[in-house]
Amino acid sequence: MTAIDTSVTPPVVTLNDGVRIPQLGFGVWQVPDDQAQPAVETALRDGYRNIDTARIYGNEVGVGRAIAGSGIARDELFVTTKLWNDDQGYDSTLKAFDASLERLGLDYLDLYLIHWQQVDRGAYLDTFRAFQKLQADGRVRSIGVSNFTQPTLTTLIDTLGQVPSINQIEVHPYFQQRALHAFDVEHGIVTEAWSPLGSGAVLGDPAIGAIAAELGVSPAQVILRWDIQKGFVTIPKSVTPERIAQNFDIFGFELSEEQIARIDGLDRADGRTGPNPDTF
Ligand SMILES: NC(=O)c1ccc[n+]([C@@H]2O[C@H](COP(=O)([O-])OP(=O)(O)OC[C@H]3O[C@@H](n4cnc5c(N)ncnc54)[C@H](OP(=O)(O)O)[C@@H]3O)[C@@H](O)[C@H]2O)c1
């Protein structure tokens with residue numbers, strides 16, 4: 001059972017290595033580097049402390065500038081970046097980590113993720129071995145994966161004897177990944193929901209709209225509240241200041257069990273919006 005400290009806002013989740021991550025964070029996929037700085041500055045001003053970027057997003061520099069200028073103590077922030085596919089492998093991972101850290105302007109990272117499992121490439125085990133070295137050396141506090149499926153996670157855990165702290169996967173009301181989430185829970189892996197709003201695709205859903213009207217909040221707030229009550233770490237993205245603030249303002253109301261059940265019912269077989277990890 002994942003430990004979630006709800007005495008703070010946003011709640012904080014304790015990972016299997018003891019590291020604490022704010023349950024609500026801020027994602028910056030598809031935000032150009034020059035827009036990442038003002039977006040992250042806004043998010044930090046609004047209270048977000050968990051920022052999710054990746055080498056492939058091309059905005060680690062902008063994210064780093066926002067962090068540096070914020071005046072927020074480093075140990076109050078939780079910064080995640082991800083290793084891109086062509087950097088997989090032991091030595092190349094160590095090099096890519098140094099480059100990401102330098103772009104971010106940080107001297108340690110909170111969470112490093114393998115962005116995609118890339119099973120055919122055959123390098124995810126060596127990549128995670130390099131992650132273990134980075135963690136042992138104190139350069140990254142927590143190590144995890146993204147877009148890993150159950151068989152790949154099983155091989156990694158059985159071979160390396162370490163359970164990744166997080167599996168960041170596509171999760172939103174149209175694509176709930178219940179079996180993989182249950183596997184994560186069973187193994188002490190926290191599921192982090194990417195594209196929690198389905199990159200916007202779920203926002204117009206009539207059932208979500210009805211619940212939003214019942215509660216007097218927005219559809220985005222309903223979906224993010226569902227994430228929180230389900231126990232996911234969630235990282236919505238926006239470059240719009242009003243929406244950045246709105247997405248953080250989800251702790252003054254609750255979904256009832258009946259409302260949660262209605263959202264649970266929106267799961268569908270063709271709900272995926274991003275690539276399939278088995279073929280990407
Ligand atoms: N590990 C992976 O492979 C992976 C893959 C995809 C995403 N991610 C992570 O997950 C994060 C979130 O996913 P995402 O960027 O795909 O999208 P998302 O958070 O699901 O949705 C973002 C979209 O919704 C809009 N939006 C945000 N808040 C809104 C609100 N309150 N009302 C109306 N519209 C709103 C945004 O518009 P504006 O920005 O124009 O306001 C944007 O178009 C990414 O930024 C990234 O950090 C990871």
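Q: What must DSSP find before two strands pair?
A: DSSP has to find at least two bridges between them. Strands of a sheet pair through backbone hydrogen bonds, either parallel or antiparallel. The model here is a predicted one, so local features need pLDDT of at least 70 and side-chain atom pairs count only at pLDDT 80 or more, while totals for chains, interfaces and linings use all residues. Residues are numbered from 1 along each chain as its sequence is written, and side-chain values use heavy atoms, with hydrogens and water left out.

Q: How many strands form the open sheet that includes β7, and in which order do they come?
A: That open sheet has 8 strands, in the order β4-β5-β6-β7-β8-β9-β10-β11, and their pairing is parallel. Its edge strands are β4 (26–27) and β11 (233–234), each of which pairs on one side only.

Q: How many bridges join β6 to β7, and which residue of β7 is the partner of Thr 80?
A: Strand β6 (residues 78–83) runs parallel to β7, and 4 bridges join them. Thr 80 has Leu 111 of β7 as its bridge partner.

Q: How many bridges join β7 to β8?
A: There are 5 bridges between β7 and strand β8 (residues 140–146), and these two run parallel. At Tyr 112, the residue standing opposite in β8 is Ile 143.

Q: Is β7 buried or exposed?
A: A residue is buried under 20% relative accessible area, exposed over 50% and partly exposed in between (1.4 Å probe, protein chains only). In strand β7 (residues 109–114), 6 of the 6 residues are buried, so this strand is largely enclosed by the rest of the structure. Strand β9 (residues 166–170) has 5 of its 5 residues buried, so β9 too is largely enclosed by the rest of the structure.

Q: Which strands does β9 pair with?
A: One partner is β8, in the parallel sense over 2 bridges; here Val 145 stands opposite Asn 167 in β9. The other is strand β10 (residues 190–194), which runs parallel to β9 and is joined to it by 5 bridges. Across that pairing, Ile 166 has Val 190 of β10 as its bridge partner.

Q: Which helix goes with β6 and β7 in a β-α-β unit, and what is the handedness of that unit?
A: Look along the strands so that they point away from you: the crossover is right-handed if the path from the first strand over the helix to the second runs clockwise. Helix α3 (residues 90–104) makes a right-handed unit with β6 and β7.

Q: In which order do β1, β2 and β3 come, and is their pairing parallel or antiparallel?
A: These 3 strands form an open sheet in the order β1-β2-β3, with antiparallel pairing. β1 (3–5) and β3 (20–22) are at the edges with a single partner strand each, so one side of each has no neighbour in the sheet. Strand β2 (residues 12–14) is joined to β3 by 3 bridges, and Thr 14 has Arg 20 of β3 as its bridge partner.

Q: How many aromatic pairs are there?
A: Rings of Phe, Tyr and Trp (its six-membered ring) pair if their centres lie within 6.5 Å; planes under 30 degrees apart are stacked, over 60 edge-to-face, and the rest tilted. The count by this rule is 11 aromatic pairs. Among them is the tilted pair of Tyr 48 and Phe 248, at 4.7 Å centre to centre with 45° between the planes. Tyr 48 is in the loop between α1 (33–46) and β5 (50–52) and Phe 248 in helix α9 (residues 241–248), so the pair ties together parts 200 residues apart in sequence. Both Tyr 48 and Phe 248 are buried.

Q: What kind of pair do Tyr 124 and Phe 148 form?
A: Their ring centres are 5.8 Å apart and their planes at 90°, so the pair of Tyr 124 and Phe 148 is edge-to-face. Tyr 124 lies in helix α4 and Phe 148 in the loop between β8 and α5 (150–160), so 24 residues separate these linked parts of the chain. Both Tyr 124 and Phe 148 are buried.

Q: Which charged residue sits over the ring of Tyr 108?
A: A charge sits over a ring if NZ of Lys or CZ of Arg is within 6 Å of the ring centre and within 35 degrees of the ring normal. Over Tyr 108 it is the charged end of Arg 74, 3.9 Å from the ring centre. Arg 268 lies over the face of Tyr 174, at 3.9 Å from that ring's centre.
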